[in-house]
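Take a walk through this fold, one region at a time.

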Amino acid sequence: MQSTLLRAYGEARLPRYTSYPTAPLFSPVVDDTVYAGWLSALAPRDPVSLYLHIPYCRSMCWYCGCNTTISGRDEPVANYLDILHREIELVASQIGRRQRVKYVHFGGGTPTIMKPAQFIGLVHLLRDAFDIVDDAELAIEIDPRTITREMLAAMRGSGINRASLGVQTFDPKVQQSINRIQSVECTSQTVAALRRVGINRINFDLIYGLPNQTVQSCIETVKTALTMKPDRLAVFGYAHVPDVKKHQRLIDAKTLPDSAERVEQTIAIADALVNAGYKQIGLDCFALPDDELGLAQASHRLRRNFQGYTSDDCEALIGFGASAIGKTKHGYVQNETAIGNYSTRVRDGRLATAKGYSLTSEDRGRAAIIERLMCDFEADLPGICSRYGLDHAALTGGNERLSRAIDEGLAQMDGNILRIENDHRYLVRVVAAAFDSYLDRSAQRHSKAV
């Protein structure tokens with residue numbers, strides 16, 4: 001039964017629900033003037049999180065779905081950082097005070113493409129503009145192939161205490177197929193260097209469903225990764241969308257595993273990690289039992305945002321940089337995606353917001369149900385409905401997606417609790433989608449955009 005349902009639903013094109021509503025619903029109605037009001041309305045005592053997007057890499061990995069640009073020169077990066085500095089100043093000015101910050105995440109692209117002095121200057125600006133608390137988590141994504149000793153020292157000196165390493169796979173044949181050659185030695189040496197400078201919290205990113213990838217090569221990658229003892233591993237499925245990401249056309253589609261093989265790969269990776277002592281955190285993350293994610297899951301404090309699973313309990317996330325997404329209690333905002341458009345807005349003294357979404361009370365209630373399902377694999381439907389003023393009967397009555405999920409054994413009602421069966425946790429998005437009132441509409445918008 002489990003394998004049948006996995007094959008039936010495992011490759012369904014459903015959102016990952018890092019937000020609700022999802023990004024295809026964002027519109028220009030929410031613009032920079034709307035966002036300015038939302039920033040001004042931030043509560044003085046409420047801490048926020050910061051995300052900074054650095055959309056540059058030295059070479060293109062063919063599997064990549066991120067918003068990034070390839071540059072062999074340093075000048076475009078330096079110019080972009082000048083604009084990023086200006087955006088930070090604009091946002092801080094709009095808030096009107098040094099808002100407290102508990103989490104900072106540098107993503108990309110490759111954030112460590114910056115020169116050490118540039119990175120130090122960026123962090124200094126953040127600390128001047130915001131009140132970054134002493135025990136804040138400062139995380140950065142790094143490419144082990146290009147990180148330097150000087151950059152490692154700059155990271156540590158700037159307070160970085162978590163690093164996320166792109167690994168994807170250690171299989172040389174698969175690496176060749178995706179244009180990302182990264183030896184075991186390179187990764188291992190980077191991990192050792194991070195620990196030598198005192199950055200001990202380390203994440204790995206792995207991908208399944210890549211060209212020429214097999215179940216055995218996935219297991220071998222996990223075994224190799226475990227020798228380096230990362231605190232967390234995020235495991236993502238490769239999304240082949242060559243019509244959207246043109247560089248993916250360089251991947252031979254005939255070498256991609258089919259749906260059944262992808263299901264086998266994700267199960268094999270999960271089994272290997274759990275057997276090695278890692279806790280499965282939600283849909284696609286694994287952490288050591290004493291890691292903060294594991295503790296947050298155990299106490300039902302686990303959250304989900306644009307970086308995936310997190311213990312970040314801040315209501316507001318402020319995004320900086322081209323394409324960055326942010327959130328306040330009022331709704332979502334996204335910056336201009338194209339670097340040129342982003343730069344023009346900021347040079348003109350405007351916030352970089354291009355589009356967003358203003359949340360309704362119903363949105364907030366549905367988002368809470370979806371988040372609890374994604375994080376806890378269960379949700380107290382009447383309790384959440386009562387909290388957000390929703391009609392529980394209207395939400396569940398005539399809900400065909402929910403009825404089908406229960407009839408097929410994916411989930412069950414245990415009193416007031418909707419609970420996803422342990423064997424079907426890989427299909428949590430199928431159950432979560434039952435509470436997505438925009439699903440068909442957002443799929444149509446995505447199709448038109450493609």
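The largest cavity holds about 30 Å³ of space. A cavity, on a 1 Å grid over the protein atoms alone, is a set of points where a 1.4 Å probe fits but cannot get out. Grid points are joined across faces, edges and corners, and a volume is the space filled by probe spheres set on the points. By this rule there is one cavity of 30 Å³ or more.

Two points on the basis of these values. This is a predicted model, in which local features need pLDDT of at least 70, side-chain atom pairs count only at pLDDT 80 or more, and totals for chains, interfaces and linings use all residues. Residues are numbered from 1 along each chain as its sequence is written, and side-chain values use heavy atoms, with hydrogens and water left out.

Which residues line the largest cavity? They are Gln168, Thr169, Leu206, Ile207, Gln213, Cys218, Thr221, Val222 and Ile269. Lining residues have an atom within 4 Å of a point. H8 gives the most, with three residues. Helices (H or I, at least four residues) and strands (E, at least two) are DSSP runs, numbered from the N terminus. By class, the lining has five nonpolar residues, four polar and no charged. Here Ala, Val, Leu, Ile, Met, Phe, Trp, Tyr, Cys and Pro count as nonpolar, Asp, Glu, Lys and Arg as charged, and the others, Gly among them, as polar.

Asparagine 212 sits in the loop between S7 and H8. Its phi is near 65 degrees, a positive value in a residue other than glycine. Asparagine 212 is partly exposed, at 25% relative accessible area. The cut-offs are under 20% for buried, over 50% for exposed, and partly exposed in between (1.4 Å probe, protein chains only).

Glutamine 175 belongs to helix H6 (residues 172-178). Is it buried or exposed? Glutamine 175 counts as buried because its relative accessibility is 5%. Leaving out residues up to four places away in sequence, glutamine 175 touches Thr169, Phe170, Arg180, Ile181 and Gln182. Contact means heavy atoms within 4.5 Å.

Now the paired strands. Strand S4 (residues 100-108) runs parallel to strand S5 (residues 131-142), and six bridges join them. Two strands pair if DSSP finds at least two bridges between them. Tyrosine 103 stands opposite glutamate 137 in S5. On its other pairing, S5 meets strand S6 (residues 162-168), again in the parallel sense, over four bridges. There alanine 139 faces arginine 162 in S6. S4, helix H4 (residues 116-129) and S5 form a right-handed β-α-β unit. Right-handed means that, with the strands pointing away from the viewer, the path from the first strand over the helix to the second runs clockwise.

Two cis peptide bonds come next. One joins glycine 108 and glycine 109, with omega about 15 degrees. Glycine 109 lies in the loop between S4 and H4. Another joins tyrosine 20 and proline 21, with omega about -5 degrees. Proline 21 is in the loop between helix H1 (2-9) and helix H2 (32-40).

Move on to strand S13 (residues 316-320), which holds isoleucine 318. Isoleucine 318 is buried because its relative accessible area is 1%. Beyond its neighbours within four places in sequence, isoleucine 318 contacts Tyr35, Leu39, Leu42, Val48, Ser49, Leu50, Tyr51, Val91, Ile95 and Phe130. The C-alpha atoms of isoleucine 318 and aspartate 205 are 24 Å apart, and 113 residues separate the two along the chain.

Serine 323 has a positive phi of about 75 degrees although it is not a glycine. At 12% relative accessible area, serine 323 is buried.

The last stop is the second largest pocket, with a volume of about 800 Å³. A pocket is an open set of points with protein on both sides within 12 Å along at least five of seven lines. It is lined by 34 residues, of which Arg303, Lys327, Ala367, Ala368 and Glu371 lie nearest its centre. Strand S11 (303-305), S13, helix H12 (361-376), strand S17 (378-380) and helix H13 (381-388) each give two or more residues to this lining. H12 has the largest share, seven residues. The lining divides into 15 nonpolar, six polar and 13 charged residues.
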